[in-house]
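Have the sequence and the 3D view open while you read.

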Amino acid sequence: MKFGIVDFHCDALSKLHQDPSIHFSDDQKLDVSAFKLKQGGIKLQCFAIFVSERLGQGRIGHILEQIRLFRTEVEACGLPLVTSRQQLAALVASGGSGGLLSLEGADALEGNLSYLRCCYDLGVRFLGITWNHANWAADGIMESRGGGFTQKGKELVQACHELGIILDVSHLSPKGFWELTELAETAGKPFIASHSNSFSVCNHPRNLSDEQIRAIVRLGGRIGITFVPYFVKSEGPVKMTDLLPHLEYMCSLGAENHLVFGSDFDGIDHHIAGLENAAKYSDLREMLLKYYSGALADKWLYQNALKFLQTQIPATKKTL
């Protein structure tokens with residue numbers, strides 16, 4: 001069945017949290033709004049809960065406030081929260097639109113796994129262990145010491161595996177990546193990189209090495225090609241066609257059935273020319289169709305994402 005586009009990462013909730021004057025329906029300050037999602041043909045958008053450093057030390061209250069904003073702003077615009085395979089199947093069958101919730105960085109869980117379970121009960125289905133720096137669970141990619149997981153962080157991984165929360169390695173340190181790979185292989189739990197590109201194509205530290213890409217493929221995970229300009233191309237103006245080398249290179253490593261998109265809209269201050277907001281996804285689709293078959297473009301735009309979610313999120317909605 002045909003569906004619309006699936007995007008694995010945006011930061012609209014963080015913008016709503018920091019600026020109460022912004023509203024999700026059609027605010028020009030947002031890259032992702034209800035109007036722009038409709039214009040771009042996006043049917044399922046993952047909304048990250050990111051606690052900005054501007055807010056000080058992350059607390060569970062910051063997470064709960066962004067979940068509240070999803071309910072009052074996003075759901076109010078006709079995008080219900082999807083938490084189960086059952087709900088996802090109904091959404092696809094109806095042709096409707098919906099949202100997923102992720103937590104970007106475990107900082108605001110305050111090292112309390114009861115808070116993790118609370119977030120799961122409230123609908124969070126993805127967890128990025130770190131942002132760029134170290135937290136109580138692990139080191140981020142920009143942490144100079146390059147450490148991996150703490151003991152408490154390994155307990156977090158186990159709890160996520162038991163609950164059914166999908167782990168996200170975008171921003172995680174290389175040592176943390178390989179420690180998680182070992183834990184995931186033992187548990188039989190694939191993970192994602194929601195918004196990362198190829199390091200071999202563009203050597204930004206946030207991008208994935210060939211070995212990391214192969215590991216995600218081997219585990220059955222997903223990689224979200226992202227629109228952060230300096231993750232796409234090292235210098236100069238960046239245009240949509242500059243995404244193609246990342247797609248091509250990752251496919252050469254066996255990732256054709258593991259690629260999705262994770263725009264990072266509303267988490268970036270600069271944009272790819274012609275891909276400035278969610279409404280421009282329709283132009284991205286047209287660009288892809290100039291170079292690839294419709295079947296291949298559909299894999300990357302939604303099929304790979306749906307196949308993953310249909311096996312990795314819980315079968316039915318949990319009753320609180």
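The notes below go through the salt bridges, then the pockets, then the cavity.

## Ground rules

This is a predicted model, so local features need pLDDT of at least 70 and side-chain atom pairs count only at pLDDT 80 or more, while totals for chains, interfaces and linings use all residues. Residues are numbered from 1 along each chain as its sequence is written, and side-chain values use heavy atoms, with hydrogens and water left out.

## Salt bridges

Side chains of opposite charge can pair when their charged atoms come close. The cut-off used here for a salt bridge is a side-chain nitrogen of Lys or Arg within 4 Å of a carboxyl oxygen of Asp or Glu. Searching the whole structure turns up 14 salt bridges.

Take R59 and E110, whose side chains meet at 3.7 Å, N to O. This pair links distant parts of the chain, 51 residues apart: R59 sits in the loop between β2 (42-49) and α3 (60-74), and E110 in the loop between β3 (98-104) and α5 (113-121). (Helices are DSSP runs of H or I with at least four residues, strands are runs of E with at least two, and both are numbered from the N terminus.) R59 is partly exposed, with a relative accessible area of 44%, and E110 is partly exposed too, at 34%. As for the cut-offs, buried means under 20% relative accessible area, exposed means over 50%, and partly exposed is in between, using a 1.4 Å probe and protein chains only.

Next up is K233 with D242, where the closest N and O atoms are 4.0 Å apart. Which of the two partners counts as buried? D242 does, at 13% relative accessibility, whereas K233 is partly exposed at 29%.

K299 and E256 also form a salt bridge, at 2.7 Å from N to O. K299 lies in helix α12 (residues 294-312) and E256 in the loop between α10 (244-252) and β8 (259-261), so their bridge ties together parts 43 residues apart in sequence. E256 is partly exposed, with 32% relative accessibility. There is also a network: salt bridges with shared partners join K2, R285 and D298.

## Pockets

On a 1 Å grid over the protein atoms alone, a pocket is an open set of points with protein on both sides within 12 Å along at least five of seven lines, a cavity is a set where a 1.4 Å probe fits but cannot get out, and lining residues have an atom within 4 Å of a point. Grid points are joined across faces, edges and corners, and a volume is the space filled by probe spheres set on the points.

The largest pocket has a volume of about 680 Å³. Its lining has 28 residues, with F50, D266, G267, I268 and D269 nearest the centre. Helices α1 (12-18) and α9 (229-232) each supply at least two of the lining residues. The second largest pocket, at about 240 Å³, is lined by 15 residues, and those nearest its centre are F50, V51, E53, D107 and W131.

## The cavity

How many cavities of 30 Å³ or more does the search find? It finds 1, and the largest cavity has a volume of about 40 Å³. Its lining includes F8, H9, S102, L103 and D168. Strands β1 (5-10), β3 and β4 (124-128) each supply at least two lining residues.
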